[in-house]
Amino acid sequence: MRNRNLIALLLGMVLLAGCSGSAEDKAVPGDTRISYQDAFPGVTFTRPVFLGEVPGKPNTFLILEQPGAIQIVSPDGKGTGWSKSEFARFEVTGGESDGDERGLLGFAFHPGYAANRKYYVYFVKASQDVLSEGVADTSLIKDSGAPLRRLFSIPDPFPNHNGGTLAFGPKDGFLYIGIGDGGSAGDPFGNGQNKNALLGKFLRIDVDSQADGKPYAIPADNPFLDGSGAPEVWAYGMRNPWKWSFDSATGDLWAGDVGQNRLEEVDLIEKGGNYGWNAWEGNQCYPAGGTACDSNGYKFPVYAYGRDAKGGISVTGGVVYRGKPASPFFGTFIFGDYGTNNVWSLTKAGQASPLAKPPAIGISSFNADSHGNVYVMGVNSDTIYRMEGF
Ligand SMILES: [Ca+2]
Ligand SMILES: [Ca+2]
């Protein structure tokens with residue numbers, strides 16, 4: 001067997017050598033070509049947790065600040081720098097200190113924002129996970145001041161695990177919402193595996209229609225419309241999907257799901273999928289040695305990592321790199337860890353390559369602009385970085 005493995009290895013090396021492009025063009029462990037540049041010199045932020053390029057306003061960015069403000073950054077008009085202005089500010093609960101997972105957590109532009117100016121925000125307020133729709137004024141960089149239209153508020157029993165990313169599906173135009181299991185530890189109410197609970201889920205709703213007495217409608221192809229779960233549920237068994245995104249090229253939904261004691265994971269989220277929590281943590285039974293994880297059909301992570309210096313304590317999902325097509329990182333998922341600030345490039349086949357790390361910012365989010373540039377930010381830094389060297 002050993003010899004056979006050796007032959008396979010040598011054969012693999014020959015095949016690799018025969019590929020177009022030199023070995024230096026391939027992503028290698030500890031890749032140092034990646035560097036981190038201040039994306040907006042002279043402009044600072046308070047606990048940034050999201051960046052998005054404003055539709056209809058090229059080179060203009062919207063940034064969420066966890067304590068409740070939304071900022072706009074645009075070229076200062078002198079060609080030398082950037083200026084910041086406030087888009088809106090919301091009263092939220094928490095999110096002002098390290099370790100506080102509450103506050104203003106999610107934002108999405110409506111796919112038709114440049115024309116209809118609608119946007120969506122997700123925040124924690126008074127022990128509720130709140131999703132609301134707002135409308136910008138005609139400048140597209142300032143809220144209109146019209147009252148928010150509340151789409152839902154879900155009672156949330158504990159301050160932690162509030163999920164918080166929002167995004168519209170690039171192919172279906174429906175709004176996806178990632179929601180944590182409620183919090184505490186171990187999912188004490190079993191929300192993750194309860195398909196009738198909205199906590200511990202990916203949800204999918206149609207914000208352009210209203211039906212069944214709700215301020216939104218349910219897409220006709222959601223997976224549990226036969227009564228086997230809440231109609232909003234798209235996928236279940238999540239613990240705390242802290243940051244996820246759609247691959248702009250393929251529509252794949254990549255998510256980080258924060259672990260309990262042992263494993264952090266990255267998942268590819270599919271319709272109706274069970275991602276295991278709290279019967280599984282990553283690719284291991286939960287609790288350790290338990291037997292409750294024999295459930296059929298559980299979808300294993302694309303990648304899981306443990307609690308050491310090369311791993312981390314809390315995954316922050318990221319973005320699929322779609323910048324330069326010639327880059328060795330093209331089509332890989334760029335993500336990191338809040339605790340260690342490690343950053344990786346991950347293939348769909350589950351191969352993770354560590355990249356150079358940013359400063360110790362407490363990574364909270366990776367976001368891409370319309371050119372595929374990747375930005376990274378953290379709650380412990382007032383600077384947003386652009387990753388260079390892809
Ligand atoms: Ca919670
Ligand atoms: Ca899982």
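**Reading the model**

Me: Are Tyr321 and Phe390 buried or exposed?

Reply: Both Tyr321 and Phe390 are buried, where buried means under 20% relative accessible area, exposed over 50% and partly exposed in between (1.4 Å probe, protein chains only). The model is predicted, so local features need pLDDT of at least 70 and side-chain atom pairs pLDDT 80 or more, while totals for chains, interfaces and linings use all residues. Residues are numbered from 1 along each chain as its sequence is written, chains are lettered from A and ligands numbered from 1 in the order in which they are written, and side-chain values use heavy atoms, without hydrogens and water.

Me: What is the mean pLDDT of the protein chain?

Reply: The pLDDT is the predictor's confidence in each residue, from 0 to 100. For the protein chain the mean is 92, with 91% of the residues at 70 or more. Residues 1-25 have pLDDT below 50, and this stretch makes 4 contacts beyond near neighbours in sequence; a contact means heavy atoms within 4.5 Å.

Me: How many aromatic pairs does the structure hold?

Reply: A pair of aromatic rings is described by the distance of the centres and the angle of the planes. Rings of Phe, Tyr and Trp (its six-membered ring) pair if their centres lie within 6.5 Å; planes under 30 degrees apart are stacked, over 60 edge-to-face, the rest tilted. The structure holds 33 such pairs. One of them, Tyr120 with Phe168, is edge-to-face, at 5.5 Å centre to centre and 65 degrees between the planes. Tyr120 belongs to strand β7 (residues 118-125) and Phe168 to strand β10 (residues 166-168), so this pair ties together parts 48 residues apart in sequence. Strands (E, at least two residues) and helices (H or I, at least four) are DSSP runs, numbered from the N terminus. Tyr120 and Phe168 are both buried.

Me: How are the rings of Tyr321 and Phe390 arranged?

Reply: Tyr321 and Phe390 are stacked, with 4.2 Å between the centres and 20 degrees between the planes. Tyr321 is in the loop between β20 (315-320) and β21 (333-337) and Phe390 in the segment after β26 (385-388), so the pair ties together parts 69 residues apart in sequence. Elsewhere, Phe50, Phe87, Phe107, Phe109, Tyr113 and Tyr119 form one aromatic cluster.

Me: Where in the chain is Lys243?

Reply: Lys243 is in the loop between β13 (233-236) and β14 (244-246). Its phi is near 85 degrees, a positive value in a residue other than glycine. Lys243 is buried, with a relative accessible area of 4%.

Me: Which residues does the cis peptide bond with omega of about -10 degrees join?

Reply: That bond joins Tyr286 and Pro287. Pro287 is in the loop between β18 (284-285) and β19 (303-305).
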